[in-house]
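Please consult the sequence and the structure shown here alongside the text.

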Amino acid sequence: MILIVMGVSGSGKTTLAQALAKLTGWQFAEGDDYHSEANRQKMHSGIPLTDEDRAPWLATLHALILQWHQRGEHGILTCSALKQAYRETLTADLPSAAYRFVLTEAPKNVIAQRMHARQHFMPAELLDSQIATLELPADALRVSALDPPEVAARKVLDALGIAPLMETN
């Protein structure tokens, strides 16, 4: 199983994915780590990425999760995956039972506060463009980023029928 934790920047994708990785022991890849330096600079300058900017990044992430699937490995990937076309690129050549999208959601003001408080190449000024670009997926498991991370992660695992690796207190 491959979980793709998606949503706008600042919605808690990485926090949820790390909690899921802790509970499952599955490998974790931060999608932002795979952006080109040019994409990072563009976003840092407050310029939204185009579909053309994202294409090589999405292809790289697709190759990563396809390798996981081909090796029979479980994994958790964070990726904004804002458009249906992006999600289709990510999961091309994968059987639908091999992956699941998990959408992190929070009110815009909460996300904006988080973005202002963190060190990241994506400035809070791009939040509106992220929200405008987001095409809500019909098939994603939706999770509130307002829940504590471990609570949200357990909700995801429960919904998918996946037992945690071990109980934590």
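Leaving aside its neighbours within four places in sequence, with which residues is T24 in contact? The model is predicted, and in it T24 is in contact with I76, L157 and L165 once those neighbours are set aside.

**Surroundings of T24**
- T24 belongs to helix α1, which covers residues 13-24.
- With a relative accessible area of 8%, T24 is buried.
- A polar atom of the T24 side chain lies 3.1 Å from the backbone nitrogen of W26.

**Nonpolar cores**
- The largest nonpolar core has 27 residues, of which I4, I65, W68, L77, C79, L90 and F101 touch the most other members.
- At least two residues of this core come from each of β1 (2-6), α3 (51-70), α4 (84-91), β4 (99-105) and α5 (108-117).
- The most is given by α3, with seven residues.
- For W68, the contacts beyond its neighbours within four places in sequence are I2, Q27, A29, E73, G75, I76 and L77.
- Another core, of 18 residues, lies apart from the largest one and includes A17, A21, A152 and I162.

**Packing of α3 against α4**
- The axes of α3 and α4 are 7 Å apart, and the two helices pack at an angle of about 35 degrees.
- From α3, residues D51, R54, L58, L61, H62 and I65 meet Y86, T89, L90 and T91 of α4.
- Classified by type, this contact of α3 with α4 comprises five nonpolar, three polar and two charged residues.

How values were computed:
Residues are numbered from 1 along each chain as its sequence is written. This is a predicted model: local features need pLDDT of at least 70, side-chain atom pairs count only at pLDDT 80 or more; totals for chains, interfaces and linings use all residues. Side-chain values use heavy atoms; hydrogens and water are left out. A nonpolar core is a set of buried Ala, Val, Leu, Ile, Met, Phe, Trp, Tyr and Cys residues joined through side-chain atoms within 4.5 Å. Buried means under 20% relative accessible area, exposed over 50%, partly exposed in between (1.4 Å probe, protein chains only). Helices (H or I, at least four residues) and strands (E, at least two) are DSSP runs, numbered from the N terminus. Contact means heavy atoms within 4.5 Å. A polar contact is a pair of N or O atoms within 3.5 Å; within protein, one must be able to donate a hydrogen and the other to accept it, and residues adjacent in sequence count only if both atoms are side-chain atoms. Axes are lines fitted to C-alpha atoms, for helices over the stretch in contact, and angles run from 0 to 180 degrees between N-to-C directions. Ala, Val, Leu, Ile, Met, Phe, Trp, Tyr, Cys and Pro count as nonpolar, Asp, Glu, Lys and Arg as charged, and the others, Gly among them, as polar.
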